[in-house]
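This report goes through one structure by topic. Please keep the sequence and the coordinates in view while reading.

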Amino acid sequence: MTDEQSIEEYVSSMPQGMGGLNEKMGIELVEISAERVVATMPVEGNTQPYGLLHGGASVVLAETLGSVGSAIHAHPDRLSVGIEINATHHRSATSGTVTGTATALHLGRTTASYEVVITDERGKRVCTSRITCALLPRERFDS
């Protein structure tokens with residue numbers, strides 16, 4: 001896995017593709033590298049009872065983006081696992097698609113952190129999140 005790797009190659013290299021939750025939520029990767037990851041997610045199907053984008057859906061999108069960037073940075077000798085995430089919800093979204101953009105804040109040997117900005121179709125900020133992933137030796141997961 002390299003920064004030049006295609007999205008299709010990345011997804012097919014994962015044991016379960018994008019994973020069941022990402023597939024159910026309709027998250028689609030648009031751009032991937034260790035420094036920046038972009039994806040979209042529909043609002044429809046990811047709402048709370050009042051018809052607003054569920055805050056948890058925004059956090060799932062943010063976790064996905066930070067995890068993808070961290071995995072690319074960690075490859076091939078380490079794997080990334082999320083250890084902390086937070087989110088501030090600025091405004092609601094009720095329809096259309098939101099776009100999440102993760103920008104690396106720190107790409108270290110043992111951790112990677114990202115700021116994730118989620119915007120609506122008008123470019124208005126819906127949510128800001130920060131995620132940190134631990135980068136663990138691959139051999140811990142081989143068995």
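## Basis

The structure is a predicted model. Residue numbers start from 1 along the chain as its sequence is written.

## Largest pocket

The volume of the largest pocket is about 770 Å³. Its lining has 28 residues, and Y10, M14, P15, A71 and S80 are the closest to the pocket centre. By type, the lining divides into 13 nonpolar, 11 polar and 4 charged residues.

Four elements each give at least two residues to this lining: α1 (7-13), α2 (20-25), α3 (55-74) and β3 (78-89). The largest share, 7 residues, is supplied by α3.

## M14 in the lining

M14, one of the residues closest to the pocket centre, sits in the loop between α1 and α2.

M14 and L105 are 91 residues apart along the chain, and 24 Å separates their C-alpha atoms.

In soluble globular proteins, nonpolar side chains tend to be buried together. The largest nonpolar core in this model has 33 residues, of which I27, L29, M41, L53, L61 and V98 touch the most other members. At least two core residues come from each of β1, β2, α3, β4, β5 (111-119) and β6 (125-137). With 9 residues, α3 makes the largest contribution to this core. The helix α3 also supplies the largest share of the pocket lining.

Which residues does L53 contact beyond its neighbours within four places in sequence? They are M41, V43, N46, T47, Q48, S58, A93, V98 and V126. Among these contacts of L53, M41 and V98 are also listed with the core members that touch the most others.

## Strands β1 and β2

Strand β1 (residues 28-32) and strand β2 (residues 36-42) run antiparallel and are joined by 4 bridges. The two strands form a hairpin, with 3 residues between them. Within this pair, E28 stands opposite T40 in β2.

## Two buried threonines

T101 belongs to strand β4 (residues 97-107). Its relative accessibility is 19%, which is under the 20% limit, so T101 counts as buried. Not counting residues up to four places away in sequence, T101 touches R36, V37, V38, L65, E115, V116 and V117.

T128 is part of strand β6. At a relative accessible area of 17%, T128 is buried too. Leaving aside neighbours within four places in sequence, T128 contacts N86, A87, T88, H90, E115 and V116. T128 and S67 lie 61 residues apart in sequence, with a C-alpha to C-alpha separation of 16 Å.

## A cis peptide bond

The peptide bond from H75 to P76 is cis, and its omega is near 10 degrees. P76 is located in the loop between α3 and β3. Both of these elements, α3 and β3, also supply residues to the lining of the largest pocket.

Technical notes:
This is a predicted model: local features need pLDDT of at least 70, side-chain atom pairs count only at pLDDT 80 or more; totals for chains, interfaces and linings use all residues. Side-chain values use heavy atoms; hydrogens and water are left out. On a 1 Å grid over the protein atoms alone, a cavity is a set of points where a 1.4 Å probe fits but cannot get out, and a pocket is an open set with protein on both sides within 12 Å along at least five of seven lines; lining residues have an atom within 4 Å of a point. Grid points are joined across faces, edges and corners, and a volume is the space filled by probe spheres set on the points. Ala, Val, Leu, Ile, Met, Phe, Trp, Tyr, Cys and Pro count as nonpolar, Asp, Glu, Lys and Arg as charged, and the others, Gly among them, as polar. Buried means under 20% relative accessible area, exposed over 50%, partly exposed in between (1.4 Å probe, protein chains only). Contact means heavy atoms within 4.5 Å. Two strands pair if DSSP finds at least two bridges between them. A nonpolar core is a set of buried Ala, Val, Leu, Ile, Met, Phe, Trp, Tyr and Cys residues joined through side-chain atoms within 4.5 Å.
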